[in-house]
Structures are given as structure tokens and as C-alpha cells.
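Colleague: I have some questions about how the labels on this model were assigned. Please show it first.

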Amino acid sequence: MALLAETRRPIRIGRTLTMTTVPARPRSITPVIAIFLVALAPVVFALLAYYVPALGLRPAIQTNYGQLLEPQRPIPDTLTLRDESGAAVRSESAQRAMAADQHRPRRLP
């Protein structure tokens, strides 16, 4: 199997146009490498910015734009709560579930 294929191309000889067999030019891999590097560059820069704090690209402090309510306010008794199936849930059982949920360790995303 030959790497360089031969193709038939029109060639002008004098005033006539003749079809002849011309060896195909070898293709360069340089454009493929350039496209790959351009596509990979944002990923590499993002990883460097996140995992190399010496570069100084991460913010020094974290800002939260909300306030926690202390003490927590109770759920009103007139509020109708629904579970996943759509059935009504009493607010006392929902408050117990939320209180139990507050004591569980949280996993960070």
C-alpha cells in the first residue's frame, strides 16, 4: 500500500488541457497539531489557574452575598407542604425532618 497516491489531474501543456497522472502531494500534520493545541489551551490554562495558587489567578477571599437567618423561623401552620408523590405533609413532620437534616454532615459539591 503506497502512502502517496497518484491522482489524475488536468495539466495545461501549451494551449491544450491534458489529463495526466500526477503524484499527490504529501499532507502535513502541522494543521492538525495546531488545532489540537488551540483546543487544549483553555483547559490547560484553567487547570493551572485552579491548581497553582502561586500564579495568583485565584481570588484571595471568597465573598458570599447572603445572610443566614438566626434564629431560624418556624414554618407557618397554614402552609400546605407536599412530598414527592404530591400528598400533603403535616408541617410538624416536615420540621422534624429538617431538624434531623441539619445535624447530618454535608458533602461539598
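Modeller: Accessible areas here come from the Shrake-Rupley method with a 1.4 Å probe. The model is predicted. On that basis the accessible surface of the protein is about 11100 Å², and carbon and sulfur atoms hold 62% of that surface.

Colleague: How many of the residues count as buried?

Modeller: Of the 109 residues, 5% count as buried. The cut-off for that label is under 20% relative accessible area.

Colleague: What is the pattern of the protein along the sequence?

Modeller: The order is β-β-α-β-β-α. That comes to two helices and four strands.

Colleague: What makes Y50 and Y51 an edge-to-face pair?

Modeller: By the pairing rule there is one aromatic pair. Y50 and Y51 form it, with 4.9 Å centre to centre and 85° between the planes. Centres must lie within 6.5 Å, and planes over 60 degrees apart count as edge-to-face, so the label holds.

Colleague: Why is Y51 called exposed, and Y50 partly exposed?

Modeller: Exposed means over 50% relative accessible area. Y51 has 59%, so Y51 is exposed. Y50 has 46%, so Y50 is partly exposed.

Colleague: What span does helix α1 reach, and what is expected?

Modeller: Helix α1, residues 30-51, reaches 30 Å from its first C-alpha to its last. The expected value is 32 Å for its 22 residues, and the span is close to that.

Colleague: Where in α1 does the kink lie?

Modeller: At L40, shortly before the proline P42, with a kink of about 35°.

Definitions and conventions: Residues numbered from 1 in each chain as written. Predicted model: local features only at pLDDT ≥ 70, side-chain atom pairs only at ≥ 80, totals over all residues. Heavy atoms only, no water. Buried < 20%, exposed > 50% of the residue type's maximum accessible area, 1.4 Å probe, protein only. Phe/Tyr/Trp six-rings, centres within 6.5 Å; stacked < 30°, edge-to-face > 60°. Expected span 1.5 Å × (residues − 1). Bend = angle between axes of the 7 residues up to and from the residue.
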